[in-house]
Amino acid sequence: MTDLFGSYETGGDRFFDEVFDPEGRTRPHYRALVARLRELNRDDLDRREGIRDRIFRSQGITFTVYGDRSDEGVERTFPMDLLPRIIPADEWGHIERGVAQRVTALNRFLEDLYMGEQAAVNDGVVPRWLVHTADGFRREAFGIPVPHGARCLVSGVDLVRDVHGVYRALEDNLRNPSGISYVLENRAAMTRVLPVVFGRQRVRPVDHYGPSLLRALREVAPPAAGEHPTAVVLTPGMYNAAYFEHAFLARQMGIELVEGRDLVVDEHVVYMRTTRGLERVDVIYRRIDDDFLDPVVFRPDSALGVPGLLSAARAGNVTIANAVGNGVADDKAVYAFVPDLIRYYLGEDPILPNVETYLLWEAEQRAEVLSRLDQLVVKPVAASGGYGMLIGPHADDEEIERFRTRIEADPRGYIAQEVVSLSRHPTLVDHAFEGRHVDLRPFAIAGETVEVIPGGLTRVALRKGSLVVNSSQGGGSKDTWVLDESAPEPEDR
Amino acid sequence: MLARLAENLFWAGRYVERAEDAARMVDVTYHTLLESSSAEVTAPWGQLLDVLHLRAVYGDRPVEPAAVIQFLVLDRDNPGSITTSILRARENARSVRELISSELWEAVNNLHLSLASRDLRRDLADQPYELFGMIRRACMGIYGVASETMPRDEGWRFMALGRVLERAEMTCRLIDVRYQQLEELAGPSRRLTGGDGARPRGADRADFHHWIAVLKSASAFEAYRRRYRSSMDPADVVEFLLLEPDLPRSVVFCLSGAMHQLQALSQGGPSRAVRALGRVTASLQYRDVAELFELGLHPFLDEVQERVADVSEAVADEFFRRHPSGLMHAIATT
């Protein structure tokens with residue numbers, strides 16, 4: 001029988017390999033899995049891939065990709081690799097503390113910025129001009145309260161591992177992070193496709209996400225809502241790329257999935273239109289961007305939003321989660337200051353380091369960056385989804401010159417970062433395992449306290465050598481197992 | 001529940017019913033004509049367009065069998081074609097995913113995917129029986145899954161309501177169109193109805209074939225045979241399809257089903273929809289079929305169709321769009 005790992009190349013000293021150490025030995029927490037997979041042959045894997053594809057397609061677990069040609073998007077499944085990613089308990093403890101720390105500090109910063117005295121800005125921790133020129137900054141959010149200051153109710157902090165295996169925070173995603181539905185669906189599929197492999201491990205469950213999210217949403221309800229606040233999920237509608245997830249979350253929580261046209265504001269109170277009349281709404285988990293939320297305040301042409309919603313929120317009659325204006329902290333230049341914000345607001349050292357980031361309005365840093373653009377990554381501060389980036393080592397001269405011109409014209413608009421050689425993980429490609437780059441997006445829920453869901457979404461760059469893992473750019477995903485060392489050893493089945 | 005979602009479920013019910021009806025009727029028409037001795041093969045297709053209420057959409061294209069079949073099965077520009085109906089049913093189901101069972105969503109989605117992945121033109125040329133069988137089984141599977149997995153909540157009731165109202169209108173049109181056609185076919189020398197509104201006489205052997213097709217179009221042939229044994233009497237067929245309280249596709253059966261759902265939905269409160277439905281149901285129940293021929297079958301059926309359409313309008317006013325903006329009357333939250 002051929003060994004499916006037969007021709008597998010570990011990253012050596014160029015990449016950190018999640019499964020094998022540089023000498024090719026299986027890391028301890030992967031031993032059971034690798035041993036089991038070595039018993040499988042090509043036909044077994046093909047059959048299991050077939051089962052997986054049927055599960056995803058028939059359940060319609062898809063996202064929509066919009067091309068240039070037609071206005072109708074294409075529905076794609078987000079391919080889940082058969083090989084799960086495993087995180088041992090101690091490593092997870094580190095991640096969990098680090099993510100909770102970031103989210104706590106960012107909530108403090110945003111609450112202080114929009115509701116408080118702006119201490120971090122006044123004390124010069126973050127430049128005022130930088131905050132005010134951030135794409136996601138919304139002066140309309142001043143004075144809109146969020147109970148417990150849980151402005152980032154859901155965050156999806158993107159982590160990458162450098163060549164030494166150190167987890168670094170790459171983005172905080174404090175607006176509308178998506179992907180949690182894949183975490184839950186991947187897990188459900190994995191237990192069906194490889195039940196024996198799964199049953200032998202002590203994996204921490206993830207399916208309490210829905211109840212946890214609902215609990216947090218209720219915790220941030222306005223005081224006037226009473227004991228049984230009504231929460232809803234607000235979606236742009238079924239043509240949105242992440243609609244599947246919006247519906248999924250509403251179902252997991254057992255609450256209504258509403259569109260803007262289902263809501264109406266009267267005397268600063270929000271209601272939904274039901275078959276029995278108007279019903280008051282207390283908390284809105286919105287999956288609509290700030291700009292489309294309320295045509296009275298933001299884009300007047302938005303048909304997705306609810307006229308008067310912001311005034312209702314400002315009156316304290318409804319809570320909008322995530323809060324309006326969080327995008328200021330998603331600005332990639334403001335990101336560079338997060339370690340300082342952690343020290344400032346919490347008096348702690350950051351647990352998860354940032355990726356080394358250069359601020360291009362600083363003449364010295366800019367000069368250095370421009371002199372070695374071919375070694376760096378350059379990103380527009382406001383973009384997401386992996387669009388508009390320069391990856392220096394993979395770019396040709398023409399592209400590098402284009403970015404040089406752009407940076408010189410708008411140094412505030414870009415940041416540069418050292419290339420992080422994302423860790424690699426064996427991934428099933430054409431009947432054999434090959435190393436592919438991965439990242440990790442754990443999800444944190446903040447209400448009265450911060451809870452990090454064990455695991456998160458591991459995204460895989462399916463194209464060989466690619467460092468871009470975004471679903472819109474041909475990425476896939478992996479079920480992510482956090483091992484529970486306190487649980488009893490499962491019996492051999 | 002949200003008014004918009006209630007409306008979407010109502011329409012999901014209608015669309016699946018529409019697709020199933022279309023599949024059954026095209027199937028029956030196609031296979032009846034294969035055995036037909038008559039040289040006239042285009043008229044039945046034209047009448048099918050009338051039964052499905054798609055004559056206007058079809059327009060003045062020549063009524064040619066292959067063209068009509070394609071129009072009814074796979075034409076995406078035809079809002080009533082089977083593929084469009086299933087596509088719309090799926091869109092509606094997708095918008096209410098969090099309200100319906102996963103099994104139900106998968107059943108609707110699988111039918112859509114199956115239609116999208118097939119070469120429908122080839123299936124129609126090659127093996128239409130198999131294709132229509134698949135569509136009908138899948139639609140019934142959708143009902144079955146819905147019935148076995150959904151609690152009898154508001155969502156279920158709106159979906160069931162959409163389905164029976166669609167079916168009531170469909171059966172009405174089936175009787176109306178086919179009766180007129182067969183009367184014409186019979187010719188003035190042996191009219192189906194007596195000159196003074198008496199009961200029509202038994203069908204001639206030559207017409208049997210067509211009456212069987214009418215019954216099959218409503219999945220009622222076998223039940224009819226058991227009930228009426230030997231006779232094939234146009235009046236009996238009309239009575240059976242219109243007034244039989246126990247036949248799942250009879251108009252009376254559908255309207256009683258609609259009443260059951262509507263009463264639960266309006267919770268005994270004053271309801272225009274219940275009143276409208278009650279009136280049209282009463283005009284049919286306890287009716288002797290001979291009276292209908294006296295009144296004139298066609299004008300009577302016309303009126304029933306109009307009244308059923310009124311019920312749908314009343315349902316929409318009452319449940320789906322009862323809040324013109326600016327008119328606020330909040331109810332207590334629970």
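Three salt bridges are counted between chain A and chain B. The model you have open is a predicted one. Start the tour where the two chains touch.

**Stop 1: a salt bridge**

Select B:Arg4 and A:Asp262. Their side chains meet in a salt bridge, 2.4 Å from N to O. Now widen the view to polar contacts. Ten residue pairs are in polar contact across the interface of chain A and chain B, with both residues at pLDDT 80 or more.

**Stop 2: the chain A side**

Colour the elements of chain A that touch chain B. Those giving two or more residues are α2 (42-58), α9 (243-253), β8 (256-258), β9 (263-266), β10 (269-274) and β11 (277-280). Which element gives the most to this side? Pick α9(A): it gives five residues. By class, the side of chain A that touches chain B has 13 nonpolar, seven polar and twelve charged residues.

**Stop 3: the whole contact**

Now show both sides together. Chain A brings 32 residues to the contact, and chain B brings 32 residues. The area buried between chain A and chain B is about 3100 Å². Carbon and sulfur atoms give 50% of that area.

**Stop 4**

Begin with β9(A) and β10(A), which pair in the antiparallel sense over four bridges. Click A:Val264. Its bridge partner in β10(A) is A:Tyr271.

Move on to β11(A). β10(A) and β11(A) also pair in the antiparallel sense, over four bridges. A hairpin of two residues joins β10(A) to β11(A). Return to A:Tyr271: opposite this residue, in β11(A), stands A:Arg280. Is β10(A) mostly covered or mostly open? Show its surface. β10(A) is mostly covered, with five of its six residues buried.

**Stop 4: an arginine in α2(A)**

Last, select A:Arg52. This residue is found in helix α2 of chain A. Is A:Arg52 buried or exposed? Its relative accessible area is 9%, so A:Arg52 counts as buried, the cut-off being under 20%. Show what lies around A:Arg52. Leaving aside neighbours within four places in sequence, A:Arg52 is in contact with A:Met80, A:Asp81, A:Leu82 and A:Val193.

Key
Residues numbered from 1 in each chain as written. Chains lettered and ligands numbered in written order. Predicted model: local features only at pLDDT ≥ 70, side-chain atom pairs only at ≥ 80, totals over all residues. Heavy atoms only, no water. Contact = heavy atoms within 4.5 Å. Buried area = accessible area lost by both parts, 1.4 Å probe. Salt bridge = Lys/Arg side-chain N within 4 Å of Asp/Glu carboxyl O. Polar contact = N/O pair within 3.5 Å; in protein donor to acceptor, adjacent residues only side chain to side chain. Nonpolar A, V, L, I, M, F, W, Y, C, P; charged D, E, K, R; others polar. Buried < 20%, exposed > 50% of the residue type's maximum accessible area, 1.4 Å probe, protein only. Pairing = 2+ DSSP bridges.
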